[in-house]
Amino acid sequence: MKAVLFDLFGVIARVQSPESMAALERTAGADPDRFWAAYWSQRPPYDRGEVTGPGYWQAVCAHLGIPPDRRLTEELTAADLADWSEIDQRTVDLLGHLADRGIVLGLLSNIPEDLAARFEATQPWLERFRVRGLSCRIGSAKPEPAAYEWCIRELGLPPGEILFVDDRPENVRAARRLGLQGHVFTSPEALRRSLEAALT
């Protein structure tokens, strides 16, 4: 193993909390089940950079039958960005440990441009990644093979020398089908133990 390719959300950044999800629901003023169905069904083009934040939220509102206006889309965008911005410092510390040992670091994240720009402006640890495969900029998203293939090319290593880490088993399975090693993330401590075993 010469490189570790990290997922972002659910591994380094925390997933949405119940409190932040409730804030989004209140802002939209929609039934929670219908809101989240619309939120996720319209998300892929946003993650791939095919639509902007306002375009995404207009599509969500149209799906819900809510007349969108500038104020509402701005409030939804702000709440959504805050929703995904909490970091797990334990995993960030692990990045430094790996970099100090000469392991090449890569990032593969399904992320819209608005959120990518926010992370780049506020999270200096992103500089540790030699390769950043952000779906909004590479035009493909996990678990599409093209997303992993882009990272493999940029890392310049055989797939078998790259460990892919993600909290979603289906994304890890997709990586393994392309020859990468895979680790389903459950906690920073479990990942650290697995890495130590691989590096000894």
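This is a predicted model: local features need pLDDT of at least 70, side-chain atom pairs count only at pLDDT 80 or more; totals for chains, interfaces and linings use all residues.
Which residues does Trp-125 touch, not counting residues up to four places away in sequence?

Figure 1. Trp-125 touches Leu-8, Ile-12, Ile-87, Val-92, Leu-95 and Phe-119, with residues up to four places away in sequence not counted. Trp-125 belongs to the largest nonpolar core, which has 48 residues. Within this core, Phe-6, Leu-8, Ile-12, Phe-35, Phe-119, Trp-125 and Phe-129 touch the most other members. Helix α4 (residues 53-64) supplies the largest share of the core, 5 residues. A second, separate core holds 18 residues, including Val-104 and Tyr-148. In soluble globular proteins, nonpolar side chains tend to be buried together.

**Figure 2. The open sheet of 5 strands.** The strands follow the order β3-β2-β1-β4-β5, and their pairing is parallel. Because β3 (131-134) and β5 stand at the edges with a single partner strand each, one side of each has no neighbour in the sheet. On average, neighbouring strands are turned by 20° against each other, direction ignored. Strand β2 (residues 104-109) pairs with β3 over 4 bridges, and Leu-134 in β3 is the bridge partner of Ser-109. Helix α9 (residues 145-155) packs on the sheet and touches β1, β2, β3 and β4.

**Figure 3. Buried and exposed residues of helix α11.** Pro-188, Ala-190, Leu-191 and Leu-195 are buried in α11. Seen down the helix axis, the buried residues fall within an arc of 160°, so they line one face of α11. Arg-193 and Ala-197, on the other side, are exposed. The buried residues pack against β1 (3-6), α6 (89-100), β4 (162-166) and β5 (181-184).

Key:
Residues are numbered from 1 along each chain as its sequence is written. Side-chain values use heavy atoms; hydrogens and water are left out. Buried means under 20% relative accessible area, exposed over 50%, partly exposed in between (1.4 Å probe, protein chains only). Helices (H or I, at least four residues) and strands (E, at least two) are DSSP runs, numbered from the N terminus. The arc is that of the directions from the helix axis to the C-beta atoms. Contact means heavy atoms within 4.5 Å. A nonpolar core is a set of buried Ala, Val, Leu, Ile, Met, Phe, Trp, Tyr and Cys residues joined through side-chain atoms within 4.5 Å. Two strands pair if DSSP finds at least two bridges between them. Axes are lines fitted to C-alpha atoms, for helices over the stretch in contact, and angles run from 0 to 180 degrees between N-to-C directions.
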